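Good morning. Please look at the screen.

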Amino acid sequence: MQLLRNIVFVAEFMTATHDGSEATDGDYKVVSFTSSGTFTPTVGFNADDGDEVEYLVIAGGGGGGDNIGGGGGAGGFRAATDFQVSNQAYTITVGAGGAAGSSSYEGANGSNSIFSSSSIINNTT
């Protein structure tokens with residue numbers, strides 16, 4: 001089973017260097033991270049360059065219980081629109097999912113995903 005943990009940025013007319021994968025949807029660029037990396041936007045050098053992004057940050061979910069235990073909980077999330085960025089490198093941390101439980105014990109919490117100080121995401125089992 002593939003765990004869903006991700007950080008996604010969407011911006012109109014923005015250029016950026018990044019360690020994620022990029023897609024285009026009309027005038028928007030969508031940058032997705034499934035592992036930790038760096039996002040460095042370029043703003044203000046072109047009249048078409050924007051300085052705001054939309055983001056969705058999802059933390060690693062909790063691990064499922066063993067034997068008679070249930071499934072793990074979803075990771076927390078945070079989303080924002082009109083988040084102003086500047087010409088700097090933003091460190092991206094994508095949280096891992098929690099380990100499965102053993103011997104009828106509950107699974108472990110997943111790890112936090114982080115973009116900027118305003119988007120630390122709690123996780124759950």
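A search of the whole structure finds 4 aromatic pairs. Rings of Phe, Tyr and Trp (its six-membered ring) count as a pair if their centres lie within 6.5 Å; planes under 30 degrees apart are called stacked, over 60 edge-to-face, and the rest tilted. Take F83 and F115: their ring centres are 5.3 Å apart and their planes stand at 65°, so this pair is edge-to-face. F83 belongs to strand β7 (residues 77–84) and F115 to strand β9, so the pair ties together parts 32 residues apart in sequence. Helices (H or I, at least four residues) and strands (E, at least two) are DSSP runs, numbered from the N terminus.

Are these two residues buried or exposed? F83 is buried, at a relative accessible area of 17%, and F115 is buried at 0%. Buried means under 20% relative accessible area, exposed means over 50%, and partly exposed is in between, with a 1.4 Å probe and protein chains only.

F115 has another partner, Y90: the ring centres are 5.5 Å apart and the planes are at 55°, so that pair is tilted. Y90 sits in strand β8 and F115 in β9, so here the linked parts are 25 residues apart in sequence. Y90 and F115 are both buried. Together, Y55, F83, Y90 and F115 make up one aromatic cluster.

Before I go on, a word on the source. This is a predicted model, in which local features need pLDDT of at least 70 and side-chain atom pairs count only at pLDDT 80 or more, while totals for chains, interfaces and linings use all residues. Residues are numbered from 1 along each chain as its sequence is written, and side-chain values use heavy atoms, with hydrogens and water left out.

pLDDT is the predictor's confidence in each residue, from 0 to 100. Its mean for the protein is 77, and 76% of the residues reach 70 or more. Confidence is lowest in strand β1 (residues 6–12), with a mean of 62, and highest in β8, with 88. Where pLDDT is low, the predicted coordinates should not be read in detail.

Now the core. A nonpolar core is a set of buried Ala, Val, Leu, Ile, Met, Phe, Trp, Tyr and Cys residues joined through side-chain atoms within 4.5 Å. The largest one here has 13 residues, and F83 and F115 are among those with the most contacts inside it. Two or more residues each come from β4 (28–33), β6 (52–58) and β8. β6 gives the largest share, 3 residues.

Strand β3 (residues 21–25) pairs with β4 in the antiparallel sense over 5 bridges; two strands pair if DSSP finds at least two bridges between them. D25 has Y28 in β4 as its bridge partner. There are 2 residues between the strands, and G26 in the turn has a positive phi of about 65°.

Last, two loop residues. S113 lies in the loop between β8 (90–93) and β9 (114–115), and S113 is buried, at 0%. What does its side chain reach? The side chain of S113 reaches the backbone oxygen of I58 at 2.8 Å and the backbone nitrogen of G95 at 2.9 Å.

A89 lies in the loop between β7 and β8. Leaving aside residues up to four places away in sequence, A89 touches T38, F39 and T40, where contact means heavy atoms within 4.5 Å.

Key
Polar contact = N/O pair within 3.5 Å; in protein donor to acceptor, adjacent residues only side chain to side chain.
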